[in-house]
Amino acid sequence: MISLKRQLLVAIGSVIVLVSLLSAAISYRSGVIEASELFDAKLAHSARVLMGLVDEALAGDSPTSPAQPLVIDVWKGHNPVEGEAPDHARGHPYETKLAFQVWDDSGHLRLRSSSAPEQALATATAGFSRIRIDGRRWRVFSVRSPHGLWFHSGELNAIRNEVARDIAFGTLLPLLLMLPVLLVMVWLILRIAFRSLERVNQELAQRAVDQLTPIEIEQAPQEIAGTVAAVNRLMARLSQALNHERRFTADAAHELRTPLAALKVHADN
């Protein structure tokens with residue numbers, strides 16, 4: 001026998017799961033895209049800040065040994081210990097993943113961070129670009145200063161994707177945690193909604209054979225009120241038929257009682 005409550009629970013639960021998974025996928029994708037946009041903004045901002053700080057100094061200093069660029073370890077002594085919560089003095093672990101380079105128009109590397117490779121992060125083209133160096137992909141922003149120097153700020157794609165996934169998953173986690181709560185709430189709502197129907201079924205199951213009084217429609221849900229009314233009409237017709245049968249039996253017994261009495265008298269005589 002098909003259970004209506006089970007059908008509703010499976011149907012509503014399936015819809016909730018599908019919609020939640022679709023929403024989760026869209027939210028995750030949107031979170032990754034938004035995080036990538038923020039990282040791109042950080043790259044552009046870093047390149048422009050570096051240009052504003054060292055552009056004039058590097059332009060006025062002619063390189064005497066272009067093969068030996070100035071290497072700067074910006075984060076020396078400030079790298080947070082792995083597994084330790086960062087503070088304002090130590091900074092953030094992801095901070096050290098950023099790399100930058102400064103090239104002149106002659107193709108000489110003038111300045112780079114210790115986290116940057118010696119190979120050029122980008123060509124002499126302004127804007128965002130991607131490049132593969134030693135098997136690793138970089139996302140790079142390039143800008144040309146008024147003094148003709150090229151400033152490149154880059155970040156490893158693997159680091160960007162990892163952080164973007166962490167951010168997207170952080171927005172996705174509450175939705176996933178709410179999914180079982182929604183399913184439990186749907187189950188409870190259906191159980192409460194079918195309680196009145198179960199009362200009607202219980203009343204019918206406990207009735208005696210000769211109990212043909214109508215079922216109280218106020219106790220029945222609106223969806224089965226028509227069915228309950230039809231059952232009440234059926235029981236009313238059954239009650240009427242039984243009453244007719246009882247009267248017929250009584251009348252027949254009365255009619256038979258007089259001739260039987262006469263025959264008994266004759267038999268006695």
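Biologist: How do you know that E2 and strand E6 are paired?

Modeller: In this predicted model, six bridges join E2 to strand E6, residues 150–156, and since two strands pair if there are at least two bridges between them, E2 and E6 count as paired. The two strands run antiparallel, and within this pairing Trp103 has Trp150 of E6 as its bridge partner.

Biologist: What joins E2 to strand E3?

Modeller: Three bridges join E2 to E3, which spans residues 109–113, and these strands also run antiparallel; against the requirement of at least two bridges, E2 and E3 therefore count as paired. Val102 stands opposite Leu111 in E3, and the two strands form a hairpin with five residues between them, where Gly107 in the turn has a positive phi of about 85°.

Biologist: Why is strand E2 described as largely enclosed by the rest of the structure?

Modeller: Strand E2 covers residues 98–103, and six of its six residues are buried, so the strand is largely enclosed by the rest of the structure. Both faces are covered, with Leu98, Phe100 and Val102 buried on one side and Ala99, Gln101 and Trp103 buried on the other.

Biologist: What makes E1 and E4 the edge strands of the sheet?

Modeller: The six strands form an open sheet in the order E1-E3-E2-E6-E5-E4, with mixed pairing, and strand E1 (70–72) and strand E4 (127–133) are the edge strands in that each pairs on one side only. The twist from one strand to the next averages 20°.

Biologist: How do you know that E4 is paired with strand E5?

Modeller: Seven bridges join E4 to E5, residues 136–144, in an antiparallel arrangement, and as at least two bridges are required, the two strands therefore count as a pair. In this pairing Ile131 stands opposite Trp138 in E5.

Biologist: Which helices pack on the sheet?

Modeller: Helix H1, residues 4–59, packs on the sheet and touches E2, E3, E4, E5 and E6, its direction making about 145° with that of E6. Helix H2, residues 157–193, also packs on the sheet, touching E4, E5 and E6, and its direction makes about 55° with that of E6.

Biologist: Why is the pair formed by Lys42 and Glu155 called a salt bridge?

Modeller: The closest N and O atoms of Lys42 and Glu155 are 2.9 Å apart, and a salt bridge requires a side-chain nitrogen of Lys or Arg within 4 Å of a carboxyl oxygen of Asp or Glu, so the pair qualifies. It links distant parts of the chain, with Lys42 in helix H1 and Glu155 in strand E6, 113 residues apart.

Biologist: Which residue forms a salt bridge with Asp104?

Modeller: Asp104 forms a salt bridge with Arg110, and the closest N and O atoms are 3.9 Å apart; Asp104 and Arg110 are both buried. By this rule the count comes to five salt bridges.

Biologist: How are Glu118 and Arg112 classed by their relative accessibility?

Modeller: Glu118 counts as exposed at 61% relative accessibility, whereas Arg112 counts as buried at 12%. Their side chains meet in a salt bridge at 4.0 Å, N to O.

Biologist: What makes up the nonpolar surface patch?

Modeller: The patch of about 430 Å² is made by Met178, Val181, Leu182, Met185 and Ile189.

Biologist: How much of the chain counts as buried?

Modeller: Of the 269 residues of the chain, 28% count as buried. The accessible surface comes to about 18,200 Å², of which 61% belongs to carbon and sulfur atoms.

Notes:
Residues numbered from 1 in each chain as written. Predicted model: local features only at pLDDT ≥ 70, side-chain atom pairs only at ≥ 80, totals over all residues. Heavy atoms only, no water. Buried < 20%, exposed > 50% of the residue type's maximum accessible area, 1.4 Å probe, protein only. Helix = DSSP H or I, 4+ residues; strand = E, 2+ residues; numbered from the N terminus. Axes fitted to C-alpha atoms, helices over the stretch in contact; angles between N-to-C directions. Contact = heavy atoms within 4.5 Å. Patch = residues over 30% accessible without salt bridge, like charges linked within 9 Å, V, L, I, M, F, W, Y side chains within 5 Å. Areas by Shrake-Rupley, 256 points an atom, 1.4 Å probe, with all protein chains shown as cover.
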